[in-house]
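Got your viewer open and the molecule loaded? Let's take a walk through it, one selection after another.

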Amino acid sequence: MLAMMLDEPEKYRVLDLPVPEAGDGQVLVKITRAGICASDLATIHGVSPIAAYPLIPGHECSAEVVKAPDGSGYVPGDKVTVFPSVGCGNCPACDEARTNHCPTFKVQGIGLPGGCFAEFMATGVAQLVRLPDKVYDRFGPLVEPLAVGMHVNRRGATAAEETVLVFGTGAIGLASALIARAMGAARVLLVDRFESRRAVAERFGFSDFTTDSGDALVSWIREQVGAVDLVLDNVTNDQTVDVSAKVLRPGGRSVLVGLPHGDQSLMLPHTDSYRKELSFIISRNYVKDDFVKTVALLESDAFDPSPMVTAVFPLAEVDDALKALQSNPEQHIKVLLEP
Ligand SMILES: [Zn+2]
Ligand SMILES: [Zn+2]
C-alpha cells in the first residue's frame with residue numbers, strides 16, 4: 001500500500017509498504033480521505049512533545065471497513081471515522097471514557113505509529129465511529145477537528161441565545177465558532193490577527209470580525225454587544241485572558257483551548273475575575289462522545305463546515321500539500337490527502 005513514512009523529523013517519503021495486519025480485536029480500514037493537522041506539522045518538524053518516530057502520521061480521516069472481527073458489529077463496507085486517542089484501558093479515566101484524562105493516552109499517528117496518511121490502517125474496534133452516508137460523503141475527515149470544537153463548547157456549556165467571543169480562526173477556532181452557532185448562540189464575534197481571515201469568516205457567515213487587540217478590542221466588543229456570555233479562547237495567552245476578563249458579563253465563562261508553551265504560567269486578572277465571579281475552564285483534546293455528538297449535529301444539517309476544506313491532494317503528492325499549507329497558512333484551513 002502507498003503510505004507516508006516519517007522516519008525522523010524532516011525525513012519523510014511516500015513509499016510502498018505491506019498492508020498492516022489487524023491484530024486481536026482490531027479492524028482493517030481503507031482510508032478514503034485524511035486531513036492534515038497543525039499537530040502533524042509539529043510531528044514532521046520535530047517540535048511535537050508527544051511524537052514517537054518512525055511513524056505514519058495522520059489522525060483525521062474518513063474510511064471504509066475492510067476486515068472486522070466476528071461479533072464486532074462492523075462488516076466490510078461500513079463507513080467510519082477513527083477516534084485516534086488510545087488510552088491505557090486500565091485506569092479510572094479510561095473506565096469512564098475520559099480518554100483525554102488517561103495519564104498515558106497516545107494518539108494514533110503521533111505517539112503511536114500507524115496513522116492515516118496511508119491506503120490502509122489497522123485500529124481497535126473501539127476506536128471506530130460510524131458515519132451516516134451523508135456525513136461520510138460531505139464531511140468525513142472534518143469530524144475529528146470539529147470534535148475538538150464540540151469538546152470546547154461542551155466544556156463551556158454553550159447555551160441558546162448567548163453571545164460568544166472566539167479568539168483564533170484556524171481550524172479549531174472555526175470549528176468552535178460553527179458549533180457554538182449550531183448550538184444556538186445568538187451572536188458569535190471572531191478575533192484573529194490576520195486581516196485575510198475576515199474573508200474566511202465571511203465564507204461561514206460570520207460578519208462580526210476584527211483584528212484589534214488590547215484596549216481597542218475591548219472597545220470594539222463593548223460597542224458591538226456590551227458584554228459577552230462566553231469566550232472560546234483558541235489562542236490563550238495573557239492578552240486574550242485579560243481582554244476576556246474585561247468583556248465577560250458577571251458569571252461569564254471562558255474556555256481556554258490553546259496549548260501551553262512549555263511550563264509558562266498564565267496571568268489571571270484577579271480583580272475583574274473576582275468581582276464578576278468568572279469561570280476559566282480548560283479544554284484538552286476530546287472524548288469519543290464528542291465524535292458521536294458531532295456526527296449527530298452534522299447529520300441534522302445544523303451547520304455546514306465544508307468551506308473548511310481549502311485544498312485536496314493525492315497522497316503521493318503529500319510534499320506539495322505540505323508546501324501549499326505552510327507557504328500560505330493564512331489561506332488554508334484544512335488540506336486533505338486522498339490515498
Ligand atoms: Zn487534528
Ligand atoms: Zn487509562
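Predicted model: local features only at pLDDT ≥ 70, side-chain atom pairs only at ≥ 80, totals over all residues.

Asp301 sits in the loop between helix 10 (288-299) and strand 16 (309-314). Check its backbone too: phi is near 60°, a positive value in a residue other than glycine.

Now jump to Glu10. Here you'll find another positive phi, about 70°, although Glu10 is not a glycine. The loop it belongs to runs between strand 1 (2-8) and strand 2 (11-16). Is Glu10 buried or exposed? With 9 C-beta neighbours inside 10 Å, Glu10 is exposed.

Next up is a peptide bond. Select Tyr53 and Pro54: the bond from Tyr53 to Pro54 is cis, and its omega is near -5°. You'll see Pro54 in the loop between helix 1 (38-44) and strand 4 (61-67).

Time to zoom out and colour by domain. Domain 1 covers 2-130 + 305-338, while domain 2 covers 149-282. Their C-alpha centres lie 29 Å apart. How many residues of each are in contact with the other domain? On the domain 1 side there are 6, and they are in contact with 9 residues of domain 2. Those residues on the domain 1 side divide into 4 nonpolar, no polar and 2 charged.

Let's head inside. In soluble globular proteins, nonpolar side chains tend to be buried together. The largest nonpolar core here has 91 residues, and Phe117 and Val166 are the ones with the most contacts inside it. Highlight helix 5 (residues 171-182), which gives this core its largest share, 9 residues. The core also draws at least three residues from each of domain 1 and domain 2.

Stay with Val166 for a moment and show what surrounds it. Leaving aside neighbours within four places in sequence, its contacts include Gly173, Ser176, Ala177, Val188 and Leu232.

Now move along to Arg181, which has its place in helix 5. Why is Arg181 called buried? Because 21 other C-beta atoms lie within 10 Å of its own, and 20 or more is what the label takes. Apart from neighbours within four places in sequence, Arg181 is in contact with Val188 and Phe303.

For contrast, pick Ala199, found in helix 6 (residues 197-203). Ala199 is exposed, with 11 other C-beta atoms within 10 Å. Draw a line from Ala199 to Pro339: the pair is 140 residues apart in sequence and 30 Å apart in space, C-alpha to C-alpha.

Last stop: a pair of helices. Select helix 7 (residues 214-225) and helix 8 (residues 238-247), whose axes come within 10 Å and cross at roughly 35°. The crossing of helix 7 past helix 8 is right-handed. Which residues meet there? From helix 7 come Gly214, Leu217, Val218, Ile221 and Arg222, and from helix 8 come Gln239, Val243, Lys246 and Val247. Colour that contact by residue type, and you get 5 nonpolar, 2 polar and 2 charged.

Technical notes:
Residues numbered from 1 in each chain as written. Chains lettered and ligands numbered in written order. Axes fitted to C-alpha atoms, helices over the stretch in contact; angles between N-to-C directions. Helix = DSSP H or I, 4+ residues; strand = E, 2+ residues; numbered from the N terminus. Left-handed = near helix turned anticlockwise from the far one by under 90°. Contact = placed C-beta atoms within 7 Å. Nonpolar A, V, L, I, M, F, W, Y, C, P; charged D, E, K, R; others polar. Core = buried A, V, L, I, M, F, W, Y, C linked by C-beta atoms within 7 Å. Buried ≥ 20, exposed ≤ 12 C-beta atoms within 10 Å, placed from the backbone. Domains from an automatic or database assignment.
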